[in-house]
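Trainee: I have a chain on the screen and would like to talk it through. Shall we take it a piece at a time?

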Amino acid sequence: MNVKESISNKACITLTFSSEECNIAETIYNSIFAEVVNPANVGKIVTNIDLNGCTIKICIEADTLSHLRAFLNSILYLTNTSIEVIKIEKKKFK
């Protein structure tokens, strides 16, 4: 579905975790799921997120390149924050 009739602004992010880190893929997926399926008011945007084993795939189509960039920045920031929290928790239990 195109959110704009002219050139569309699309991107897909694929996050693949190694077999040693595969167990955190679901945690990260759950951490960012709500933001992906119900993004903040950043214009007209269509999103999709899938988890398949050790891989998370997020696809986005936005009405403007600026809105696409804002959404990607948000998702990457949330993903990084999730990973950092997991690292802190792992250190606590060592």
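Mentor: To start us off, 31% of the 94 residues of the chain count as buried, meaning under 20% relative accessible area, with exposed over 50% and partly exposed in between (1.4 Å probe, protein chains only). This is a predicted model, where local features need pLDDT of at least 70, side-chain atom pairs count only at pLDDT 80 or more, and totals for chains, interfaces and linings use all residues. Residues are numbered from 1 along each chain as its sequence is written, and side-chain values use heavy atoms, with hydrogens and water left out.

Trainee: In what order do the elements run from the N terminus on?

Mentor: Helices (H or I, at least four residues) and strands (E, at least two) are DSSP runs, numbered from the N terminus. The chain has three strands and two helices. Read from the N terminus on, the order is β-α-β-β-α.

Trainee: Which way is the link of Cys 12 and Cys 59 handed?

Mentor: A disulfide here is a pair of cysteine sulfur atoms within 2.5 Å, and those of Cys 12 and Cys 59 sit 2.2 Å apart. The pair links distant parts of the chain, 47 residues apart: Cys 12 is in strand S1 (residues 9-16) and Cys 59 in strand S3 (residues 55-62). With 110° about the S-S bond, this link is right-handed.

Trainee: And is the disulfide of Cys 22 and Cys 54 left-handed or right-handed?

Mentor: Those two sulfur atoms are 1.9 Å apart. Cys 22 lies in the loop between S1 and H1, and Cys 54 in the loop between strand S2 (45-52) and S3, 32 residues apart. The torsion about the S-S bond is about -105°, so this disulfide is left-handed.

Trainee: What is the pairing if you number the bonded cysteines in sequence order?

Mentor: The structure holds two disulfides. Cys 12 bonds with Cys 59, while Cys 22 bonds with Cys 54. In sequence order, that makes the pairing 1-4, 2-3.

Trainee: Is Tyr 29 buried or exposed?

Mentor: Tyr 29 and Phe 33 are four residues apart in helix H1 (residues 25-37), about one turn of the helix. Phe 33 has a relative accessible area of 34%, so Phe 33 is partly exposed. At 16% relative accessibility, Tyr 29 counts as buried.
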